[in-house]
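Please look over the model below before reading my notes. The points after it go element by element.

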Amino acid sequence: MLKQKILIIFSFLFLTNILSFAATIKGYVYDKLSGEQLVGAVVSLEGTKYGTVTELDGKFIFTKIPAGTYKLKIVYASYQTLEKEFTVADTETRSFNLQLALSYSTLKEVQITGKYEKGSDEESQNREKNGREIMNVMSAHTISFSPDITVASVLQRVSGVSIENSNAGKQYVNIRGMDKKYNTTLVNGVKIPSPNDRDRYVPMDIFPAELLDRLEVIKSLSPSMEGDATGGVVNMVMKNAPDGLICSGNIAFGYSTIFNNQQFLNFAHNYQDWKSPIEIQGQGTYTTPDHFPLQSLVTYPINNPINTNYGFTIGNRFFNNKLGVIASVSNQNTYKGYSSESYLQSSTIAPAPDKNTAINQPFSDLNYREFSTQSQRLGMMTKLDYQINDNNSISLFATYVSLNEYRVRYTSDSTLGGHPLNGYVFYNEVDTKYETRSTLQDIYNATIQAKHKFTSNFLADITVALSEAKQQLPDDASFTVKQLVNVDSTNKVTIAPPEVGKMSRDWYRNTDKDITTYLNLHYAPGFLRGLSMIDFGGMYRHKTRDDYANRYSLSAVVTDTAHGANNQPYTGSVLNNKYYFANSLDPLGSTNDPGIYTYNEDILAYYGQITYNITSRLNLFGGLRVENTNSGYTCDLPVTVAGKSATYVYTDFLPSAQLKYSINDKSDVRASYFRSIYRPAYGDLVPNTQKTENDDYDFAGNPYLRHTVIDNEDLRYELFLKGSDQLMAGVFNKVIQDPIEYSIDRQSATVDQIQPFNFGTANNYGFELVFRKYFGNFGIAGNYTFTHSQITTPKYKPYIGLDSNNKNTVYVDSPSQTRPLNGQAANIGNISLLYRSPRNKIEAQLAFVYTGEKISLVSPFYNLDLWQKPTLGLDFSIQKQFGKNVTLYLKANNLLNSGYELFIKGDNNHYSGDNKFRFQESSNYVTVEKDFYKASFLFGLKMKL
Amino acid sequence: MKKLVLLLTIPVLALTLMYSCKKSDSSTNVSAAQIQLGQAISDTAKLCGAIKGTMLANKTYTVTCDVTVNAGDTLLIQKGVTVKMTNSSNIIVNGTFISLGTKDAPSFITDPRRTKTTGSSILSSDSAYRGGWGGIYCSATCKLFVLKWTHLDFGGAALQTVPFSGGPAVGDQYVVYYGTPAGDGNFIFEDSWLYGCPDDAVRLYGCHFNIMRNTLEKFGSNGGDGFNPKGGNIGNMAYNMFIGGATNGTKCANDNPISGIETKVAMYNNTYVNGGFRNSGTFGARAGSAEVENQSTGLVYNNIIVNCLTGYRIAGGNNATAKVYHADTVNSSYGYNLMYADSTSLANQFVPTNIAQAEQTIPQHTDIPDMATFLHYPGSYTFGAIYDGSSLVGKNNPLFVNYPLPNYNYKTQASIDGYDFHLQSTSPAIGKGTTTAFSPIMNVPVDPNFGSSGITPPNKDLGCYPTDGTGNQH
């Protein structure tokens, strides 16, 4: 630190005083692996007084250097020091592009070289440019600098990636405009299963950022990669063993200002039983209400909750550096809260008064909710690598992450009536609901990998990986307190004393286990000039998934019969509530729920691909992958009902070709084609009718779903300017065959239920723009994707017409409606402004994220789709380091106060008049839900140990 | 061909019946021929799984797990049969269901664990509301359901799994579920009894029906209606006696509409007593006697409504809030109903207010009391307006033979017990009905075994027990 300051001062003095020399030495410093610019690296000419530090774009410059021979030395924490000798003449300008390797070097890669390969390309600007795939990389260094503590938050800084902001938080990635379900998640190159009970996608907020060595986002598929990532792949590469002993740690504290406005509520989750009564007492036993302790429903406030975050890493290398070991642990405890107001959509829709008039979405309740969530993240990883000899190495990785969320949800539910009062439609009942829920998710992965070099140009690696993802919601409980509201003829409102309502106690859990073997062979042939690499190999995965649910519903015992009332007055404490089972079979719970399923999936895949430099400017990378899927489920439906079980066997041929033409050193054109697939979500197959949480519609899976096949075409132009400055523009087209979307089947059911169906072929096309530009300590980076997406599905519209006797009757029309795919926004963009002053050790970032309007829920009814309003998020973070070990940070989220908002397009008959609703914004659409995140400030202190 | 014959039979029989009604002194009762279909079902075996054929007269059968009548098969229950449903079993019908009790030898489908109780009925302590056995669940291939002179007691145990796809969900707790989405089923529910159930007693989709001369007690725990037809149902609900229902006795709503078939129900000559006091579901404060909603047509005439939470209700159309939307107010018509209340809060809802739901009930001059005059309709009255009904309390006592009014136990007296709801000769309900304002619906086959026993036309007296003895025979 001091040394650096002296150097700066000296160089400053030197440069201002001596003006007669004219040589200039400049350059950029990058991370060797990720290609990211390194900011704040100390650059000096050894033995002289010249010294500086690199700027935000990794740039350094010395001017007016006397001619002579120098040794350039670059020193940067946690990287290997680099020295380079050179001679410079008077008036000469010398440029360097220097790459520093992490001192945490990975296991010495067993390298192979083709005969015609020229060796490592010194001039390479970065991995992104030269990668065969289209890829973005973020290094551990960048991650550690950012105030983000989960991988989800880090990802939103990667170009072309946006994070879906839902009321569950920032969890899922949208890559190049493609919805979460079209993307996959890897840990150390191995696909990991999802803890979700229905879907395949993995929540990204479960992973602590601290465990990562780097984060890769791969946006084009090659044959060696699994074929179900249409948008892209997120690969989390965990830390590697260091060259020598390292021992580091950090501790951080933070506070969120949302709790200045809202109370944080906690509950005693130690009263929650892991197992439901029927599992403890035995199948078929009728349980009693006293098996449901009420203590877990007691909520209590925590004042000024402090977020904590600590981590520790230890690693070393033994036996002549042959064995490397690293272990890392991270623990985070955070508190978050928000509130929301929403109108509950009713599934009972009145027919239009005639065929040409629109139908309206009615609403039954106004819900005001407050959420308090405590999140405990634990992440652990270890890696061992052993270099047996020059030709053989073996490594072992293990990762465990868990996210335990303890949530209290308070809902005030007003049942809307038909009476206007004080300017708004009034309500006749207010139900207050308290819900306490623990969502416990964990994922572990253990991978063993061996590499063997047969000859200097033939290498094989084999990997065996075990993964498991699990989710548990033990004793998810809620209880309701009801109050009837009355209005008399003078509009005087009386609210009846509170009565105890229902109590629900639910158990859910699901596990997903994978065992996967990968074999890859890499051959650098010498027989054809330009054919630099042939890769081939295969993969086999056996997946088993199971699911368990058991729900109990209890009702209030009538304790007040004095006036013939049939109710139980609420005393103000849930501990005094008395419950019973209102139906004789309720004590059994729902353990026979036909929605409970087991699922298995075997995937056998093999591929071959080549890297062929057709000319020095034209490069072809491509091949074919074949994926054979053999999957099926069994659910608890009775055998007498169709769809108790199903098997699905299919084979996909997935060709891929990526052509890259280098116009010159700085620019190239890439054209790519690949075919990808999407396998139906597990829960979309199981045909049982389920009530949805909001009583909107019943939901039933569809066992007849086919998987989706997507043909992807891309054309892009890339321009690499000095340093990391970059411009990329591209167009794309995706032909999506058999997309899975939700609709309603009215032909075979007496209840309307939403079901997934395959709908013909959809088309997504658009363009993409990515840029990055640095000016000294300032930088600007942004990306924008426009996607035109279109699908036509049948909708349902009841209307009143005249029958043959000229009498009113109801007809049901099935008009087709064209719309974007569910969840597909036309416009997605983000812009970040960066500032880094290595000298002052200040770093700041201002980030705008824009997501255009998109469909949040497809309505079965014509023109009643639920849309999510465009969001413009503005986040700001700044941190300053004091001394070597202490950093103060401030993170401001959502400075523009942009909320999550849902709406239905069309005339808003709630904008004025007797049916006026709250928080309406326009007569042209109905605002259905508004979540108020408000601006929140998180400030804290980070200490390196 | 069979259909054609049936279609021809209907008007002939209807005319015969209409004619016979004129001779009200007739009390001839000729026994019908007893039929048997298929093999006799053994009364010694425990019944479980597929079932078809005939349960023989006066025998007792025990069902130990869900029984299923397959498509094409028929289950016939002769008179005087007792079916003991154990283990909360269900009867799943993909074929035809026929139960032919008689006045002298009714049949019973019941849960042997349960016994009926009298007097004050408290929701959480009366087992009538908990569901003992399950229900009769009829799928789209069940084109005919006939239930006559049969007791359905203590049904409604919650479904543990689905009986068939495209219909009921786990947790549903109906006693009878009948759904033919093609709109071609025939549902006959006559001269029968239903005692105790946790939700809707009977739920219908897409059928022609005749629901007549039945008695329902203690139906619905903290919600649920007596007869609750949804989309595409057309038929009569007449001469039924309802007491102690959680919500309505009769209701109609055209939810899940079938294109071109609008639900239409003639609700006439019913007696509703002590209804609507246990509905504390999310959408609470619904009606408590008869309700017409969701673009369905109701013909509500000649009913007696005593100490119910609300009078009959025609849902209004703000088409904006709540689960309920407007009835078919063009085709619906009503009047000639007597309403009686022992408290102001009930009298305040003779014509329901819009606090809970938008309203479009037009106050009628022909109703007793004359609500059109009372509410100044037309004139200053707006639909759903809140009014002070205290002056109507205790007025127009219908003078039941043995149910003295006032009776302030209306929230808890949910069964007939020893009471008699026939009319005293001085009752103001006598002679106040209409026989011409509307026509009953004649769309089901009339047949002693495979159809309706007879569609009783509207009577000049109100309620289910007209003084000419043509109504409810219980």
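The numbered points below cover conventions, cores, strands, domains, the chain contact and some backbone details.

1. Conventions. This is a predicted model: local features need pLDDT of at least 70, side-chain atom pairs count only at pLDDT 80 or more, and totals for chains, interfaces and linings use all residues. Residues are numbered from 1 along each chain as its sequence is written, and chains are lettered from A and ligands numbered from 1 in the order in which they are written.

2. Nonpolar cores. A nonpolar core is a set of buried Ala, Val, Leu, Ile, Met, Phe, Trp, Tyr and Cys residues joined through C-beta atoms within 7 Å. Buried means 20 or more other C-beta atoms within 10 Å of the residue's own; exposed means 12 or fewer; partly exposed is in between, with C-beta atoms placed from the backbone. The largest nonpolar core holds 177 residues. V93(B), F97(B), C138(B), F145(B) and A201(B) touch the most other members. Look at F97(B): leaving out residues up to four places away in sequence, F97(B) touches V69(B), L75(B), I136(B), C138(B), C142(B) and F145(B). Contact here means C-beta atoms, placed from the backbone, within 7 Å. Another core, of 56 residues, lies apart from the largest one, with F207(A), M225(A), A469(A) and I791(A) among its members.

3. The sheet in chain B. Helices (H or I, at least four residues) and strands (E, at least two) are DSSP runs, numbered from the N terminus. Two strands pair if DSSP finds at least two bridges between them. Ten strands of chain B form an open sheet with parallel pairing, in the order β2-β4-β7-β10-β13-β16-β19-β22-β25-β28.

4. One pair from that chain. β16 (residues 207-212) and β19 (residues 234-238) of chain B run parallel and are joined by five bridges. M212(B) has A238(B) as its bridge partner in β19(B).

5. Antiparallel strands in chain A. β39 (residues 778-794) and β43 (residues 827-837) of chain A pair in the antiparallel sense over nine bridges. Y784(A) has G829(A) as its bridge partner in β43(A). β43(A) is also joined to β44 (residues 842-851) of chain A, antiparallel, by ten bridges. S832(A) stands opposite A847(A) in β44(A). The hairpin of β43(A) and β44(A) has four residues between the strands, and K841(A) there takes a positive phi near 55 degrees.

6. Domains of chain A. The bounds come from an automatic or database domain assignment. It gives domain 1 (2-100), domain 2 (131-246) and domain 3 (251-944). The C-alpha centres of domain 1 and domain 3 of chain A lie 48 Å apart. Twelve residues of domain 1 are in contact with eleven residues of domain 3 in chain A. The domain 1 side of chain A divides into five nonpolar, four polar and three charged residues. In this count, Ala, Val, Leu, Ile, Met, Phe, Trp, Tyr, Cys and Pro are nonpolar, Asp, Glu, Lys and Arg charged, and the others, Gly among them, polar.

7. Chain A against chain B. 71 residues of chain A are in contact with 70 residues of chain B. Strands of chain A that each supply at least two residues to the chain A side include β20 (363-389), β21 (392-421), β22 (424-455) and β23 (458-487). The chain A side divides into 28 nonpolar, 30 polar and 13 charged residues.

8. A41(A). This residue lies in the loop between β1 (23-31) and β2 (42-45) of chain A. Is A41(A) buried or exposed? A41(A) is buried, because 23 other C-beta atoms lie within 10 Å. Its C-alpha atom is separated by 5.3 Å from that of V53(A), twelve residues apart along the chain. Beyond four places in sequence, A41(A) is in contact with V29(A), V53(A), T54(A), I74(A), V75(A) and Y76(A).

9. Backbone points to check. Most residues other than glycine have a negative phi, and most peptide bonds are trans. The bond from Y377(B) to P378(B) is cis, with omega near -15 degrees. The bond from L405(B) to P406(B) is cis too, with omega near 0 degrees. N863(A) has phi near 65 degrees and is partly exposed, with 17 C-beta neighbours inside 10 Å. N87(B), in the loop between β5 (82-85) and β6 (91-93) of chain B, has phi near 55 degrees.

Notes: Contact = placed C-beta atoms within 7 Å.
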